[in-house]
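Here is a short tour of a model for you to follow on screen. We will look at its packing, its pocket and a few backbone details.

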Amino acid sequence: METRIPNPALANPATLKALIALAESTGDTGVPNTTHYLMHVRASQINGCSGCLEMHTKELRKAGESDERIFTVAAWRDTAYFTDAERAALALAEAITRIADRADPVDDEVWNEAARHYDEKQLSSLVLSIAAINTWNRLNVATRQIAGAA
């Protein structure tokens, strides 16, 4: 498999700046960076984005996360490695990433569980973070940005 073109965001400085600003806007809300990274890993697993998987698993490792937590993100429901708040964020990430899979993709059960753990500002941060990683995933997958190929 070969990369089709360089990542489109890198070819347009204004786009890159906007995407970086979007990602940075999700900080300073009280949501741990590791929660964002876990959501980014899960969305990237669903979307098959190898570049983002590589980047965000490295971020988790750099943040001191255990191999067990990193290796089991895809099976978060079936492990004891994640807090209830992280589980709510991961469920929200899955629902928002898979919006075409159900008539009501982010149902009240998923939303209300997230709202039980996060306030409005934090929920906004989570939703924006999930939107940002899905944007990067789509750019990378469409243009075949391949982890380890550079």
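## The nonpolar cores

The largest nonpolar core has 24 residues, and Leu92 and Leu126 are the members that touch the most others. Helix H3 (33-47), helix H6 (84-97), helix H7 (108-117) and helix H8 (120-142) each contribute at least two residues to this core. H6 provides the largest share of it, with eight residues. Please keep in mind that this is a predicted model.

Setting aside neighbours within four places in sequence, Leu92 is in contact with Val106, Val110, Trp111, Ala114, Leu126, Val127 and Ile130. In soluble globular proteins, nonpolar side chains tend to be buried together.

## The largest pocket

The largest pocket has a volume of about 750 Å³. Its lining is made up of 30 residues, and those nearest its centre are Cys52, Met55, His56, Glu59 and Trp136.

Which elements give two or more residues to this lining? They are H2, H3, helix H4 (50-62) and H8. The largest share, six residues, comes from H4.

## Helix H2

H2 makes a handy check on helix geometry.

At the start of H2, Asn12 places a side-chain oxygen within 3.1 Å of the backbone nitrogen of Ala14.

## Two positive phi angles

Most residues other than glycine have a negative phi. Asp28 is not a glycine, yet its phi is positive, near 55°. Asp28 sits in the loop between helix H2 (13-24) and H3. Is Asp28 buried or exposed? Its relative accessible area is 80%, so Asp28 is exposed, the cut-off being over 50%.

Arg144 also has a positive phi, of about 55°, without being a glycine. Arg144 is found in the segment after H8. Its relative accessibility is 33%, so Arg144 counts as partly exposed.

Terms used: Residues are numbered from 1 along each chain as its sequence is written. This is a predicted model: local features need pLDDT of at least 70, side-chain atom pairs count only at pLDDT 80 or more; totals for chains, interfaces and linings use all residues. Side-chain values use heavy atoms; hydrogens and water are left out. A nonpolar core is a set of buried Ala, Val, Leu, Ile, Met, Phe, Trp, Tyr and Cys residues joined through side-chain atoms within 4.5 Å. Buried means under 20% relative accessible area, exposed over 50%, partly exposed in between (1.4 Å probe, protein chains only). Helices (H or I, at least four residues) and strands (E, at least two) are DSSP runs, numbered from the N terminus. Contact means heavy atoms within 4.5 Å. A polar contact is a pair of N or O atoms within 3.5 Å; within protein, one must be able to donate a hydrogen and the other to accept it, and residues adjacent in sequence count only if both atoms are side-chain atoms. On a 1 Å grid over the protein atoms alone, a cavity is a set of points where a 1.4 Å probe fits but cannot get out, and a pocket is an open set with protein on both sides within 12 Å along at least five of seven lines; lining residues have an atom within 4 Å of a point. Grid points are joined across faces, edges and corners, and a volume is the space filled by probe spheres set on the points.
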